[in-house]
Amino acid sequence: MDLTYKETGLFYEQFEELLTAVGPSLKLPCAVSSPRRIVSASLAPTTRLLLLLCYFREAGTFRRLVNIFHVSKAFISRDIAHILPKLHCVLDSIRWPDQWIPSHFKATSAAIDCTPHFRRRVHPQQGDWYRGDKHGHFMNAQVVCSLRGEIYNVQLLQGHNNDQGCFNITKVKQLLEALQLHWLADNGYSHHRLVVPDDSQAPSWNHKQKGLRSIVEVVIGLAKTNRIAAKVFTLSPEKQALVLMVIYQLTNMSLKRYPLRRLSTINE
């Protein structure tokens with residue numbers, strides 16, 4: 001079990017659950033170079049899934065995977081391109097809750113934040129992915145999670161958008177207003193239904209706000225333990241978006257089963 005978690009970020013029972021969902025499609029042959037050339041899978045579904053999850057943990061490098069699975073780099077690249085969309089289709093752990101549970105702190109029920117996932121420069125229109133304060137090109141991920149750590153929503157945007165811009169573009173503002181919710185955020189946001197640090201409040205109030213809001217930063221950090229989400233991505237933005245959504249879905253599988261906080265701790 002420990003080895004499974006170290007190599008994939010999933011416990012053994014979670015890996016088996018994922019394999020049950022995606023396994024049948026991994027038995028199918030895949031097209032190589034063109035739809036007319038079909039190649040049968042030379043690895044078992046368990047091994048193919050393990051290869052993909054190890055690829056996430058290894059920051060997208062093939063050298064170690066070649067030694068572990070005894071296949072060529074070309075095979076790894078082709079197989080990952082074949083498996084990734086199939087895995088994305090069966091993962092659905094991220095969704096808005098049926099019921100919002102407010103905490104005792106300003107009736108907040110979630111936390112929101114954005115994080116950069118850096119990538120190689122895009123050409124043309126590289127300016128859409130660059131932000132001067134981050135000194136790089138990246139894909140922005142807006143993450144909303146419960147105060148226990150369960151991910152409610154992830155939306156990916158071009159890197160030139162700041163936190164407030166992402167908040168406006170994704171229409172989360174309308175959701176807050178329609179449902180009359182209050183969420184925790186940092187000073188990069190401004191809205192009357194977002195509870196942000198406030199210098200006019202007592203230090204204890206700000207410590208409570210920052211302590212509760214930090215849950216979203218921990219969740220993002222867990223997703224980035226898959227080093228492909230933390231290092232500079234070299235493939236297309238479309239492939240990066242697919243990889244990131246799969247990683248956040250896999251992270252949420254663990255968070256739903258093993259919450260980072262208890263409700264009693266939140267309301268202390």
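Is arginine 213 buried, partly exposed or exposed, and what is its relative accessibility? Arginine 213 counts as buried, at 10% relative accessibility. Buried denotes under 20% relative accessible area, exposed over 50%, and partly exposed the range in between (1.4 Å probe, protein chains only).

The model is predicted: local features need pLDDT of at least 70, side-chain atom pairs count only at pLDDT 80 or more, and totals for chains, interfaces and linings use all residues. Residues are numbered from 1 along each chain as its sequence is written, and side-chain values use heavy atoms, with hydrogens and water left out.

Salt bridges were searched for across the whole structure, and seven were found. The criterion is a side-chain nitrogen of Lys or Arg within 4 Å of a carboxyl oxygen of Asp or Glu. Side chains of opposite charge can pair when their charged atoms come close.

Arginine 213 takes part in one of these contacts. Its side chain meets that of glutamate 217 in a salt bridge, at 3.1 Å from N to O. Both residues belong to helix α8 (residues 203-223). Because they are four residues apart in this helix, about one helical turn separates them. Helices (H or I, at least four residues) and strands (E, at least two) are DSSP runs, numbered from the N terminus. Glutamate 217 is partly exposed, at 39% relative accessibility.

A salt bridge also joins aspartate 79 to arginine 48, with an N to O distance of 2.5 Å. Aspartate 79 lies in helix α5 (residues 73-90) and arginine 48 in helix α3 (residues 45-57), so the contact ties together parts that are 31 residues apart in sequence. Aspartate 79 is buried, at 2% relative accessibility. Arginine 48 is buried as well, with a relative accessible area of 1%.

Arginine 257 pairs with glutamate 13. The closest N and O atoms of this salt bridge are 3.8 Å apart. The pair links distant parts of the chain, 244 residues apart. Arginine 257 sits in helix α9 (residues 237-257), and glutamate 13 in helix α2 (residues 12-26). Arginine 257 is partly exposed, at 37% relative accessibility. Glutamate 13 is partly exposed too, at 32%. Salt bridges link Glu13, Glu17 and Arg257 in a network.

Strand pairing was examined next. Strands β5 (residues 136-145) and β6 (residues 151-158) run antiparallel and are joined by seven bridges. Two strands count as paired if DSSP finds at least two bridges between them. Valine 143 has valine 154 in β6 as its bridge partner. The two strands, β5 and β6, form a hairpin with five residues between them. Glycine 149, in the turn, has a positive phi of about 115 degrees.

Backbone geometry gave further features. Most residues other than glycine have a negative phi, and most peptide bonds are trans. Histidine 70 is not a glycine, yet has a positive phi of about 55 degrees. Histidine 70 lies in the loop between α4 (63-69) and α5. This histidine 70 is exposed, with a relative accessible area of 69%. Alanine 107 also has a positive phi, near 60 degrees. Alanine 107 is located in the loop between α5 and β3. Its relative accessible area is 38%, so alanine 107 is partly exposed. Histidine 123 and proline 124 are joined by a cis peptide bond, with omega about 0 degrees. Proline 124 occurs in the loop between β3 (108-118) and β4 (130-131).
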